[in-house]
Amino acid sequence: MTLLRRSVLQSIGLGAASLAVPSFGRRAQAAAPGPAPVLHRFHIGDATVTALLDGHLALPTAAFTGSDPAAVEAALAGTLYQAKDGGVEIPVNGYLVERGGKYTLIDTGTAQLMGPDLGGLSAALAASGVAAADISTVLLTHMHPDHAGGLLAADGSAAFPNAELVIAETEWGFWQDDAIMASVPADAQGFFQMARNTTAPYADRLKLFSGEVEAAPGFTAVPLPGHTPGHSGFMLDGGDTQLLIWGDIVHSTALQFPHPEWTIPFDVDQALAAQTRKAMFERAAADQLLVTGMHIDFPGLGQVAREGDSFAFHQAPWQFGI
Ligand SMILES: [Zn+2]
């Protein structure tokens, strides 16, 4: 198992300082106006989905395990993607789903855990006209800070005061395991501490699930292990249409559809992550599944297509007038 070595963390801009957990206080002074809220709405059958942009970050192309500069250049050639300062920029997305008057949020963004280019999800949620208190369920694909950070309000209380928090049992168990935490390098232990801190206010309304079960009304869990042990997608049943919200199956739209074998240092088990990604792409292409994900180019809705031995992502056209 490869776990977030110090050198790798620093090379991708996440050194120990930014991993330190008690940085929540910074939010208290966050009076400065942030970037404009970015959201986009679409229907999946009788459900309404609002994609909420938390922000963006850069992943150095050199951080993709299995890649080499020539192959990266070849993957980007002929596309509109560019490596900027040696990195590709990726979004961090969350998804709000309304169905039958109930609101479910899938992943919560970073809040203030990962710097000023991120943390916009709560403003996007507010701009959508939905209050955090209206959300009855929060589903987490996994417990990394760009997905769980927004669980906390500025004062450290639950940002979603009326929501049940739903997580895969395997995922919860991994980050709560003291022996595993003690076995990883000191900087990587920050991830464990963040996972614990961000979920702590929900201890009395936590629901853990296991396997391909209904994780919440209208959402079936799809185990997608590798990126983290309990990493999960959620299949939204919109009646006549389904949408798989697949978490971190893809970190770079530009690089990992053509090269599903390329992994990133944040994958807890890189070999399994690559295997799961390939299997997911095969299934999505064969079934012509509608998919979206937290790091697919915003808003993320589209389909996977086979292209010879590789894959491509076809973004869905926007649904206007919603
Ligand atoms: Zn992520």
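Predicted model: local features only at pLDDT ≥ 70, side-chain atom pairs only at ≥ 80, totals over all residues.
Which residue in β2 does H40 stand opposite? The answer is A51.

## The chain as a whole

The protein chain has 322 residues, and 48% of them are buried. Its secondary structure comprises 10 helices and 14 strands. Take the contacts with a separation of 6 or more: 72% of them join residues 24 or more positions apart.

How confident is the predictor? The mean pLDDT of the protein chain is 90, and 89% of the residues reach 70 or more. Residues 1-31 have a pLDDT below 50. Even so, this stretch has 52 contacts in the model beyond near neighbours in sequence.

β1 joins β2, residues 47-60, through 6 bridges. The two strands run antiparallel.

## The open sheet

An open sheet is built from 7 strands, in the order β1-β2-β3-β4-β5-β6-β7. Its pairing is mixed. β1 (39-44) and β7 (206-209) stand at the edges. Each has a single partner strand, so one side of each lacks a neighbour in the sheet. From one strand to the next, the twist averages 25 degrees.

In a regular strand, side chains alternate between the two faces of the sheet.

## A helix across the sheet

Helix α6 covers residues 169-176 and lies across β6 (164-168) and β7. It runs at about 85 degrees to β6.

Which residues of α6 are buried? They are E171, F174 and W175. Seen down the helix axis, these buried residues fall within an arc of 85 degrees, so they line one face of α6. An α-helix has 3.6 residues a turn, so residues three or four places apart point the same way. The cover over the buried residues of α6 includes β6, α7 (178-183) and α8 (186-199).

## The nonpolar core

The largest nonpolar core holds 88 residues. β2 gives the largest share of this core, with 7 residues. Within the core, L52, V138, L139 and F234 have the most contacts.

Look at F234. Leaving out residues up to four places away in sequence, F234 touches I106, L139, A215, F219, A221, V222 and I245.

## A buried threonine

T292 lies in strand β12, residues 291-292. Is T292 buried or exposed? T292 has 25 other C-beta atoms within 10 Å, so it counts as buried; the cut-off for that is 20 or more.

What does T292 touch? Apart from neighbours within four places in sequence, T292 is in contact with Y95, L243, I245, G300 and L301. I245 is also among the residues that F234 touches. T292 and I249 are 43 residues apart along the chain, and their C-alpha atoms are separated by 9.8 Å.

How values were computed: Residues numbered from 1 in each chain as written. Pairing = 2+ DSSP bridges. Helix = DSSP H or I, 4+ residues; strand = E, 2+ residues; numbered from the N terminus. Axes fitted to C-alpha atoms, helices over the stretch in contact; angles between N-to-C directions. Contact = placed C-beta atoms within 7 Å. Buried ≥ 20, exposed ≤ 12 C-beta atoms within 10 Å, placed from the backbone. Arc of directions from axis to C-beta. Core = buried A, V, L, I, M, F, W, Y, C linked by C-beta atoms within 7 Å. pLDDT = per-residue confidence, 0-100.
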